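Subject: Structure handover

Dear colleague,

Here is the structure for your files.

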Amino acid sequence: MAMLRKDCLKIIFLHFIFLVAVKIIHDPVLVNGDVALIGRVCSITPYPADCHNCLDSNPLSSRVDMRGLAGIAINCSYAAAVDLDNLFNEYVQYGQSQYEFCFQQFDYVVQNVSSALQSWKNNRYPESQNLVTKAVGAYLKCHNNLIDMRYLEPFLVGLAKTRSSCDNAIGILSRIGS
Ligand SMILES: *[C@@H]1O[C@H](CO)[C@@H](O)[C@H](O)[C@H]1NC(C)=O
Ligand SMILES: *[C@@H]1O[C@H](CO)[C@@H](O)[C@H](O)[C@H]1NC(C)=O
C-alpha cells in the first residue's frame with residue numbers, strides 16, 4: 001500500500017514537471033525570444049563566446065532590446081577595464097615602474113568607457129561607439145608598450161577581456177540605427 005502511494009506521487013510529480021516543461025517551451029516571450037535576440041546580437045560581434053559570457057550572466061539581458069544589450073555590453077567593458085586598471089595600480093604601488101604607462105592609459109580606457117556609458121544612457125549611440133573606439137586606442141598604446149613578454153604575462157587575461165568586450169560593444173553599437 002505504501003509503495004503504491006509513492007508511485008502515485010511520483011506519477012503526479014512527473015506529470016507536473018511535464019506541464020512546466022510544455023509551458024516553458026510554448027512561451028516564446030518568456031524564454032525563446034530573448035535567447036534568440038541575444039544569439040543574433042552576439043553573432044554579429046567579433047567575439048561571440050565572450051559576448052555570451054557577458055550577456056548571459058546579466059539577468060537584465062532577458063528583458064531588454066538591442067539597445068539595452070549594447071548598454072550591458074559596455075558595462076562588461078567597463079568592469080574588465082576597471083579590474084585591469086586596479087591591477088596595474090597594484091604593480092605600480094609595489095614599485096614596478098615599467099607599468100606606469102599602462103596604468104595611465106588604462107585610466108583613459110576607464111574614463112572613455114565610462115563616458116561611452118553616459119552617451120548610451122542619453123541615446124547617443126554613434127558618440128558612444130566613438131568613445132569605446134577611443135578606449136581601444138588607449139588600450140593599444142598600453143599593449144604596444146607591454147610588447148616585451150616579460151611584462152605581459154600577469155596581464156594577459158585582463159588585456160584579452162578588455163579588448164574583446166570593447167570590440168563586442170562597438171560591434172553592437174554600430175548596428176543600432178540612430
Ligand atoms: C551598469 O552597471 C551599473 C553598476 O553596476 C548599473 O548600475 C547599471 O544599471 C548597469 N547598466 C546596464 C545597462 O547594465
Ligand atoms: C578619452 O581618453 C582620452 C585619452 O586617450 C582623454 O584625453 C579624454 O579626456 C577621454 N575623453 C572622455 C570623454 O572620457
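The notes below take the two ligand sites in turn.

Please keep in mind that this is a predicted model.

Ligand 1

The residues around ligand 1 are Gly71, Ile72, Asn75 and Trp120. Helix H4, which covers residues 66-93, supplies the largest share of this shell, with three residues. Sorted by class, the shell holds two nonpolar and two polar residues, and no charged ones. Asn75 also makes a polar contact: an N or O atom of the Asn75 side chain is 2.3 Å from an oxygen atom of ligand 1. On its own, ligand 1 exposes 360 Å², of which the protein buries 44%.

Ligand 2

Around ligand 2 are Tyr108, Gln111, Asn112, Ser115 and Leu131. Four residues of this shell come from helix H5 (residues 100-121), which gives the most to it. The shell counts two nonpolar and three polar residues; charged residues are absent here.

- Asn112: an N or O atom of the side chain, at 2.6 Å.
- Ser115: an N or O atom of the side chain, at 2.9 Å.
- Gln111: a backbone N or O atom, at 3.5 Å.

Taken alone, ligand 2 exposes 370 Å², and the protein buries 59% of that area.

Regards

How values were computed:
Residues are numbered from 1 along each chain as its sequence is written. Chains are lettered from A and ligands numbered from 1 in the order in which they are written. This is a predicted model: local features need pLDDT of at least 70, side-chain atom pairs count only at pLDDT 80 or more; totals for chains, interfaces and linings use all residues. Side-chain values use heavy atoms; hydrogens and water are left out. A residue is near a molecule or strand if one of its heavy atoms lies within 4 Å of it. A polar contact is a pair of N or O atoms within 3.5 Å; within protein, one must be able to donate a hydrogen and the other to accept it, and residues adjacent in sequence count only if both atoms are side-chain atoms. Accessible areas come from the Shrake-Rupley method with a 1.4 Å probe; for residues, only the protein chains shown count as cover. Helices (H or I, at least four residues) and strands (E, at least two) are DSSP runs, numbered from the N terminus. Ala, Val, Leu, Ile, Met, Phe, Trp, Tyr, Cys and Pro count as nonpolar, Asp, Glu, Lys and Arg as charged, and the others, Gly among them, as polar.
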